[in-house]
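Subject: Structure handover

Hello,

Here is the structure I promised to pass on. Please open it first, then read the notes below.

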Protein chains: 2
Amino acid sequence: MIGRLNHVAIAVPDLQAAVAQYENTLGAKVRPAQDEPDHGVTVVFIDLPNTKIELLYPLGDDSPIKGFLDKNPSGGIHHMCFEVEDILAARDKLKSEGARVLGSGEPRIGAHGKPVLFLHPKDFNGCLIELEQV
Amino acid sequence: MIGRLNHVAIAVPDLQAAVAQYENTLGAKVRPAQDEPDHGVTVVFIDLPNTKIELLYPLGDDSPIKGFLDKNPSGGIHHMCFEVEDILAARDKLKSEGARVLGSGEPRIGAHGKPVLFLHPKDFNGCLIELEQV
């Protein structure tokens, strides 16, 4: 069911410093920052030859990653995103096997403009998993 | 400098359950488990179309992931591994820019039989980064 790893997301406490580190120290190709007010984050995608890193920085007072950064002041790996062909079929299969979908359970439009869902970390080895329909 | 994302490693508290979940619930291609006594882990690689997931389970009393699982009983994303062409050149560049390399600072042979190094999470947004020479 799951296809490509679309990205690994890293919550960072200092977006400029993280961008400079990936661009200069690690020598990766960094795209311009984009604000995602619907998701409460500013995101920066880093293109690797086979997948992407997504830097996440809080946007607004209600950012869903604020709590994560409070618990992890240095930052940390926040989630990983797997591509699926049919997000509703994937959701229904996972739910029928007991996995919990976060929020309303209905897909939202993610940072790539495509439908996404998040799965409960407790049901997936402590990992927050995003599914994105491609 | 960094190339492909070689894998994302997930520490899991129940290897059999995690294997079954990735194979059956998530429908991914799971390879047989391999014991890595030099690293204190049993690993299971999961092949995605563009990269791999590495499930990690403690092996022996001195496993380096035991502490991680004590702190994260459900498991969690443990590290991500970037490929580099020349691990000594990468190490020297990173060290010259102030990043700390874990352990002796000399590459060890990793689960793929290739030289690897780990970088200090505090220097990389709270993320444990493995470099593997390919």
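Helices and strands here are DSSP runs, numbered from the N terminus; a helix needs at least four residues and a strand at least two. With that numbering, A:Asn125 sits in the loop between β8 and β9 of chain A. Please keep in mind that this is a predicted model.

**The loop asparagines**

Start with A:Asn125. Its phi is positive, about 55°, although the residue is not a glycine. A:Asn125 has a relative accessible area of 10%, so it is buried.

Chain B has B:Asn125. This residue is found in the loop between β8 (115–119) and β9 (129–133) of chain B. The phi of B:Asn125 is near 55°, again positive in a residue other than glycine. B:Asn125 counts as buried because its relative accessibility is 10%. B:Asn125 also turns up in the contacts of A:Ala11, which come next.

**Two residues of strand β1**

A:Ala11 lies in strand β1 (residues 5–11) of chain A. Is A:Ala11 buried or exposed? Its relative accessibility is 0%, so A:Ala11 counts as buried. Leave out residues up to four places away in sequence, and A:Ala11 touches A:Leu56, A:Ile65, A:Phe68, A:Leu69, A:Gly75, A:Gly76, A:His78 and B:Asn125. Look at A:Phe68 in that list. A:Ala11 and A:Phe68 are 57 residues apart in sequence, but their C-alpha atoms are 7.8 Å apart in space.

A:Asn6 is also in strand β1 of chain A. Its relative accessible area is 4%, and the cut-off for buried is under 20%, so A:Asn6 is buried. What does A:Asn6 touch, not counting residues up to four places away in sequence? The partners are A:Thr51, A:Lys52, A:Cys81, A:Phe82, A:Glu83, A:His112 and A:Glu132.

**The nonpolar core**

In soluble globular proteins, nonpolar side chains tend to be buried together. The largest nonpolar core of this model holds 64 residues. Which members touch the most other members? They are A:Tyr22, A:Leu55, A:Met80, B:Tyr22, B:Leu55 and B:Met80.

Take B:Leu55 as a place to look. Set aside its neighbours within four places in sequence. B:Leu55 is then in contact with B:Ile10, B:Val12, B:Leu15, B:Ala18, B:Val19, B:Tyr22, B:Thr42, B:Val43, B:Val44 and B:Ile46. B:Tyr22, in that list, is another of the core members named above.

**Where the chains meet**

Now the interface. 40 residues of chain B are in contact with 40 residues of chain A. The two chains bury about 3,300 Å² between them, and 63% of it is on carbon and sulfur atoms. The rule finds 23 residue pairs in polar contact across this interface, both residues at pLDDT 80 or more. It finds 0 salt bridges there.

Which elements of chain B each supply at least two residues of the side that touches chain A? They are β1 (5–11), α1 (15–25), β6 (76–84) and α3 (87–96). The residues on that side of chain B divide into 22 nonpolar, 13 polar and 5 charged.

**Salt bridges**

Side chains of opposite charge can pair when their charged atoms come close. How many salt bridges does the structure hold over all chains? The count is 14.

One of them joins the side chains of A:Arg31 and A:Asp47, at 2.8 Å from N to O. A:Arg31 lies in the loop between β2 (29–30) and β3 (34–36) of chain A, and A:Asp47 in strand β4 (residues 41–47), so the pair ties together parts that are 16 residues apart in sequence. A:Arg31 counts as partly exposed, at 35% relative accessibility. A:Asp47 counts as partly exposed too, at 21%.

A:Arg100 forms a salt bridge with A:Asp123, with the closest N and O atoms 2.8 Å apart. A:Arg100 is in the loop between α3 (87–96) and β7 (108–109) of chain A, and A:Asp123 in the loop between β8 (115–119) and β9 (129–133), so this pair ties together parts 23 residues apart in sequence. A:Arg100 is partly exposed, with a relative accessible area of 42%.

In chain B, B:Asp92 forms a salt bridge with B:Arg91, with the closest N and O atoms 3.0 Å apart. B:Asp92 counts as partly exposed, at 40% relative accessibility. B:Arg91 counts as buried, at 11%. In chain A, salt bridges that share partners join A:Arg91, A:Asp92 and A:Glu106 into one network.

Best wishes

Conventions: Residues numbered from 1 in each chain as written. Chains lettered and ligands numbered in written order. Predicted model: local features only at pLDDT ≥ 70, side-chain atom pairs only at ≥ 80, totals over all residues. Heavy atoms only, no water. Core = buried A, V, L, I, M, F, W, Y, C linked by side-chain atoms within 4.5 Å. Buried < 20%, exposed > 50% of the residue type's maximum accessible area, 1.4 Å probe, protein only. Contact = heavy atoms within 4.5 Å. Buried area = accessible area lost by both parts, 1.4 Å probe. Salt bridge = Lys/Arg side-chain N within 4 Å of Asp/Glu carboxyl O. Polar contact = N/O pair within 3.5 Å; in protein donor to acceptor, adjacent residues only side chain to side chain. Nonpolar A, V, L, I, M, F, W, Y, C, P; charged D, E, K, R; others polar.
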